[in-house]
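Thanks for coming, everyone. Let me put the model up on the screen, and then we can walk through it together.

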Amino acid sequence: MRRSIVFILSLFILTHCRTGQDRIRDKLRESVSFNEDWYFMADSIREGLAKGWPMMKLPLARPVKVPHTWNVDTDLEEYYGWGWYQKNFRVPLEWKNSMVKLAFNSIYRDVVIWINGQKLLERKGSGYTPFELRIDGNINFDSLNNITILVNNSYSRLAMPMYSSFDWPNDGGLIRNIKLIKSAPVSFRYVLINPTYDNSGNGIARIALILESMDGEINDNIDLWYNVVHSGKEIVKGNRKIAIAGNRGELSIEIPGIILWHFNDPSLYNLNIAIGKDYLLTDHYGARFGFRKFETEGIRLLFNGEAVRLPGLEWMPGSDIVSGMAEDTASSQKMLSLLKNTGAVITRFHWPQDESILDWCDRNGLLVQEELPLWARPFPEDIDDSLRSVISTQLKEMVISHYNHPSVIAWGIGNELQANNPEIIDFLNALKKEVLAIDTSRLVNYVSNTLHGSPGSDGTDVGDILMWNDYTGLWYSLGERPVKDEDLGMILSGINKMNPAKPLIISEYGLCEPFFEGGDPRRISHLIYHTSVYDTLDFIAGAIYFSLNDYRTHMGEEGKGRLRRRIHGVVDLSGNPKPSYETLKEIFNPLKDVRVNVINGKLHVTGVNHDGLPSYAIKGFKAILKDYRSGTTIELVNMPVLMPGDKFNISFSGQAGGAYSIHIFAPNERELIRTDIVVEK
């Protein structure tokens, strides 16, 4: 009888567990959107608390749909203060004996939440990370309930980011999706997957299970069933009994013959896992993961054991002029596609992003360093226990909630602080220690704008990689002397001399208008010169151009209101490419010196896989010959594996006269080369 039950439960997992990060809807666990039917009003004179708004219908409120920010509304574009949200909702009677939670992907920023007039949560300073709120003890089932949320985006010392010290929009509101979730009295809180692999190509998924219970702490043995799916096929399945102590348990799953996740070929696995007691299923969960390694070896950066030098580009989200920081998935994916189409394989995010953005990076092969929103502050005198508590909360929420994303290869603990100060260096060391207490599988880095002046004693050395924002010829000086473009090689060599055992990534470089004049022609010349210097220095393991887009920011020098922005991008606010976008694509293309020749009526494509910056192995690329007029494929050639520096010669056979187009594609279908040619008979 037992074997039959196990088989039925295993089959249930395979057929009913939806894969990916989204929690699934069925009799055990249900997740429904909570985005509809909200009402909003601003409270510029802060009268709502005194007048009892949490216990009554908001006066003069207007309907809005979440995600929402008021800072794109005509009359509130530069309003930083209190905003109130409210809605009525029902919870089904059949949910009564279950845990019921509200899951907020983030609220910017300080927030107080009331359910049916009772204050349940007050949260300050953490505006970009997800959190959940249990409400099953505070609602009326199968009748009307009310939720009221007060949001405050006033500049604050006890916030991340601090005061007005950040270079992106200060958009307040319910800026990301909200879900209402029902789960069993004993259910999953988190499933954290650490995939590793050995030289024989076999993998192990080491899994931390964090459970929660309506009755308090769990210390018991539970039944567990799981399977792992890759490309729609079940690879592994099993069941076992595991011990839970203090709500935590551990599981290891061996997975033979794995396919590595790569930025050119992002191979993803799906874990479906269920728990129960005495063979009664109580909850299940789906999570996506990938096998990859990102590590350092001296001045080299190794990705899946291969020495690489990575081209990168940073996108500044929240710049959609219609939705701001509440931008929808379609707007985000448009910008991410523009980013990836340049050939960039690595990016930074100055603040924690929405789950949907990291899902896109997982599926499309974009390496990510996700960072705490500490930009220029804190100063040493800012750091006290209250600020440390806010920072620690957001750090833990960022790392735990995004732990399973293979695209996230590093955590960032700050950007452009006073990191040549010993107190700030101690602060960074403490932050790194906090990260490693949760996640030892990724690198931890700090991004510096002071390394050029203190190459032997700078805070970026706390990190696993040196990261420096290069604004030579623009913002920087050494003493009273401005740093010129021609100083760049000397500065970089000096950094390497004082830090010979670590790779260096240029974490930002680019031209900011209108503060610096010259427009896109100067942007192009600046881009070409700086990248050409990096190309010749083998200790520079990557360069991340800043930025993809002109971006909205409350400190912008151009425009006002929701159009206040910095002109820093190779595309404009709407995503329209500038000439510099095409220049960036040329620089980031690993295939160089590509030529097409006609020899004895046959087409030959020759070139070389670059061995500077960028530099990585070419695997699984395809060359395709098409009829120019119809677009019909005539011939497809699988390119050989090309290591950096390898030359290639692709021959298309049997071509008569005609007009053709030649294309070279990466495994993820990104086009690297297109050449049109007419062949005479």
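Phe263 and Tyr616 are both buried, and by buried I mean under 20% relative accessible area, with exposed being over 50% and partly exposed in between, using a 1.4 Å probe and protein chains only. These two form an edge-to-face aromatic pair, 5.0 Å centre to centre with 80° between the planes. For the cut-offs: rings of Phe, Tyr and Trp (its six-membered ring) pair if their centres lie within 6.5 Å, and planes under 30 degrees apart count as stacked, over 60 as edge-to-face and the rest as tilted. Phe263 sits in the loop between β15 (248-255) and β16 (269-277), and Tyr616 in the loop between β34 (602-609) and β35 (622-627), so to speak a link between distant parts of the chain, 353 residues apart.

Before I go on, a word on where this comes from. This is a predicted model, where local features need pLDDT of at least 70, side-chain atom pairs count only at pLDDT 80 or more, and totals for chains, interfaces and linings use all residues. Residues are numbered from 1 along each chain as its sequence is written, and side-chain values use heavy atoms, with hydrogens and water left out.

Here is another edge-to-face pair: Tyr509 and Tyr545, 5.0 Å centre to centre and 90° between the planes. Tyr509 lies in the loop between β29 (504-508) and α7 (519-535) while Tyr545 is in strand β30 (residues 540-546), so the pair ties together parts 36 residues apart in sequence. Helices (H or I, at least four residues) and strands (E, at least two) are DSSP runs here, numbered from the N terminus. Tyr509 is buried at 0% relative accessible area, and Tyr545 is buried at 0% as well. The structure holds 32 aromatic pairs, and ring pairs also link Phe34, Trp38, Phe40, Trp70, Tyr79, Tyr85 and Phe89 into a cluster.

Now, which residues have the most contacts inside the largest nonpolar core? They are Leu428, Trp468, Leu492, Leu504, Ile506, Tyr534 and Leu548, in a core of 83 residues. A nonpolar core is a set of buried Ala, Val, Leu, Ile, Met, Phe, Trp, Tyr and Cys residues joined through side-chain atoms within 4.5 Å. Apart from that one lies another core, of 42 residues, and our friend Phe263 is among them, along with Ala623, Leu672 and Val679.

A few backbone points next. Most residues other than glycine have a negative phi, and most peptide bonds are trans. The bond from Arg377 to Pro378 is cis, with omega near 15°, and Pro378 is in the loop between β23 (367-371) and α4 (385-401). Glu513 and Pro514 are also joined by a cis peptide bond, omega about -5°, and Pro514 falls in the loop between β29 and α7. Leu60 has a positive phi of about 60° and is exposed, at 82% relative accessible area. Glu416 has a positive phi of about 60° too, but Glu416 is buried, at 15%.

Finally, the overall picture: 8 helices and 39 strands, with buried residues making up 60% of the 681.
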